[in-house]
Amino acid sequence: MSDLLVGDAFVSGFDNPLEMLLACHGKMQTQCATLHKLLQHLPSHGCDTQARQAAQAILRYFDTAGQNHHDDEEQDLFPRLLATPNAEVHELIARLLDEHKVMDMTWQQLRPLLLAIAEGRAAELDIKSVEHFIKVHDRHISLENAQLLPQAAKLLDHIQLEALSRSMAARRGVVFPIPVNHTQVK
């Protein structure tokens, strides 16, 4: 595998959706680390095979899994939390939704630059765009890990968490396992 591609040690299943969201944050940070390495790699190596592979991996992640992650939050997790009477969580979600808009804007600025590298048409990235993208993601992930996910663990019951799991699995085209009935008929 490429020297630019940072390893991925984050694994979680649909049986625990909050852990899966946390794992997604880890994967985002991994992609941001790859992006940082790509920024350092390009000046001396140009748009070589490693650079193209790294750009393709970053594009693939943020175009698919990254978008699914935001949909998991915006369409499933946030509405469930907004249905609770917790005003602090409501304010947090408003802030996170604003940050999602900023994150999307930074991705739309960065994506064409990465696409040009992935296709071998360019050999440079805008340093300010990359640094801003990474900074926005790091700050957002820290906030969600420190505040949102712990609040969700406190406020959502097992039925809500299972519904969240089912939605997350369906979004990815995965059949969610049917819960085992612990009472057996004799």
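Are W107 and F133 buried or exposed? Both W107 and F133 are buried. Keep that pair in mind; the tour comes back to it. One caution before you start: this is a predicted model.

**Stop 1: H100**

Select H100. You are in helix α3, which covers residues 87-118. H100 has a relative accessible area of 3%, so it counts as buried. Now show its side chain and that of H140. The two side chains make a polar contact at 3.1 Å. Next, display what surrounds H100. Setting aside neighbours within four places in sequence, H100 is in contact with H70, E73, E74, F78, H140 and E144.

**Stop 2: D63 and R111**

Turn to charged side chains. Side chains of opposite charge can pair when their charged atoms come close. The whole structure has 8 salt bridges. Select D63 and R111 for one of them. Their closest N and O atoms are 2.7 Å apart. D63 is partly exposed, with a relative accessible area of 31%. R111 is partly exposed too, at 26%.

**Stop 3: R172 and D72**

Which residue forms a salt bridge with R172? Select D72 to see the partner. The closest N and O atoms of R172 and D72 are 2.5 Å apart. This pair links distant parts of the chain, 100 residues apart. R172 belongs to the segment after α5 (158-171), while D72 belongs to helix α2. Compare how accessible the two are. R172 is partly exposed, with a relative accessible area of 24%. D72 has a relative accessibility of 0%, so it counts as buried.

**Stop 4: R171 and D76**

R171 is partly exposed, with a relative accessible area of 23%. D76 is buried, at 8%. Now select D72, D76, R80, R171 and R172 together. Salt bridges with shared partners join these residues into one network.

**Stop 5**

Move on to the rings. A pair of aromatic rings is described by the distance of the centres and the angle of the planes. How many aromatic pairs does a search of the whole structure find? The search finds 4. Select F62 and W107 for one of these pairs. Their ring centres are 5.3 Å apart and their planes are at 35°, so the pair is tilted. F62 is in helix α2 and W107 in helix α3, 45 residues apart, so the pair links distant parts of the chain. F62 and W107 are both buried.

**Stop 6: W107 and F133**

W107 lies in helix α3 and F133 in helix α4 (residues 127-155), so the pair ties together parts that are 26 residues apart in sequence. This is the buried pair from the opening. Y61, F62, W107 and F133 form one aromatic cluster.

Note on methods:
Residues are numbered from 1 along each chain as its sequence is written. This is a predicted model: local features need pLDDT of at least 70, side-chain atom pairs count only at pLDDT 80 or more; totals for chains, interfaces and linings use all residues. Side-chain values use heavy atoms; hydrogens and water are left out. Helices (H or I, at least four residues) and strands (E, at least two) are DSSP runs, numbered from the N terminus. Buried means under 20% relative accessible area, exposed over 50%, partly exposed in between (1.4 Å probe, protein chains only). A polar contact is a pair of N or O atoms within 3.5 Å; within protein, one must be able to donate a hydrogen and the other to accept it, and residues adjacent in sequence count only if both atoms are side-chain atoms. Contact means heavy atoms within 4.5 Å. A salt bridge is a side-chain nitrogen of Lys or Arg within 4 Å of a carboxyl oxygen of Asp or Glu. Rings of Phe, Tyr and Trp (its six-membered ring) pair if their centres lie within 6.5 Å; planes under 30 degrees apart count as stacked, over 60 as edge-to-face and the rest as tilted.
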